[in-house]
Amino acid sequence: MGRSQSFDTTTVVQAARDVFWDQGLEGASLPDLERATGLNRSSLYHAFGSKRGLFDAAVDDYLDAVIRPRLRVLVTAAQGSAAPPEAGAAVVTYFDGLATAVGQLPADSPRRGCLLVDCATGPAGHDEALRAVVDAYRAELTDALSGALRAATPALADEVVAQRARMLLSLLLGALALARVNQDEATAMLRTARDQAAEWVSRDA
């Protein structure tokens, strides 16, 4: 008979997620993961197949529990029937909320920066599957931003909306990359994105 599972998978995955978030895929050691999850490596391997399997589960949780709830304000603005001013406010709210969250993190928090942005500058460069995950993440952020901007400024040409979404995304990703080493500047970059979005919306809505 197979062994019965005596732990909560979500709790284990989220504990591992914070280790990977703090140390990266390559930096997180099995002893670190054992300490964080309370499971020995045989239990982790039995449940997830490998360290990479645990990392993949952590990434899925990161997207579902951290990224998508924050993006919901943009997605709702893009998909709903909000008037342009409300859709524009959603973009401002998104960046303002993210700036506040980044600015309030303790200096020793494992949740500084972005798990997937860190992958983009590390192992994704030589891992095709991980590269696809990171690029899908970039596309999801882009779609959310461009959808909300389109709803906020419906008269603009598609190429202008796409250019603006790309500019905001550049500030967003740059801030998340910098958050590990300069929290104040990362917060300032996110507020710059907020202010730029507000200026566009007030002028072009």
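Leaving aside neighbours within four places in sequence, which residues is Phe 20 in contact with? They are Leu 25, Ala 28, Leu 33, Lys 51, Leu 54, Phe 55, Ala 58 and Leu 115. Contact here means heavy atoms within 4.5 Å. The model is predicted: local features need pLDDT of at least 70, side-chain atom pairs count only at pLDDT 80 or more, and totals for chains, interfaces and linings use all residues. Residues are numbered from 1 along each chain as its sequence is written, and side-chain values use heavy atoms, with hydrogens and water left out.

A search of the whole structure finds three aromatic pairs. Rings of Phe, Tyr and Trp (its six-membered ring) pair if their centres lie within 6.5 Å; planes under 30 degrees apart count as stacked, over 60 as edge-to-face and the rest as tilted. One of the pairs joins Phe 20 and Phe 55 edge-to-face, at 5.0 Å centre to centre and 85° between the planes. Phe 20 lies in helix α1 (residues 9-27) and Phe 55 in helix α4 (residues 51-79), so this pair ties together parts 35 residues apart in sequence. Helices are DSSP runs (H or I, at least four residues), numbered from the N terminus. Phe 20 and Phe 55 are buried, that is, under 20% relative accessible area with a 1.4 Å probe, protein chains only.

Trp 21 and Tyr 62 also pair edge-to-face, with 4.9 Å between centres and 80° between planes. Trp 21 is in helix α1 and Tyr 62 in helix α4, so the pair ties together parts that are 41 residues apart in sequence. Both residues, Trp 21 and Tyr 62, are buried.

The largest nonpolar core has 64 residues. Such a core is a set of buried Ala, Val, Leu, Ile, Met, Phe, Trp, Tyr and Cys residues joined through side-chain atoms within 4.5 Å. Phe 20, Phe 95, Tyr 137, Leu 168 and Leu 172 have the most contacts inside it.

Thr 37 is found in helix α2 (residues 30-37). Thr 37 is buried, with a relative accessible area of 14%. A polar atom of its side chain lies 2.7 Å from the backbone oxygen of Leu 33. The backbone nitrogen of Leu 39 is 3.2 Å from a polar atom of the Thr 37 side chain.

The structure holds zero disulfides, defined as pairs of cysteine sulfur atoms within 2.5 Å. The sulfur of Cys 119 is 8.3 Å from the closest cysteine sulfur, in Cys 114, too far for a bond. Cys 114 is buried, at 0% relative accessible area. Cys 119 is buried at 3%.

How values were computed: Helix = DSSP H or I, 4+ residues; strand = E, 2+ residues; numbered from the N terminus. Buried < 20%, exposed > 50% of the residue type's maximum accessible area, 1.4 Å probe, protein only. Polar contact = N/O pair within 3.5 Å; in protein donor to acceptor, adjacent residues only side chain to side chain.
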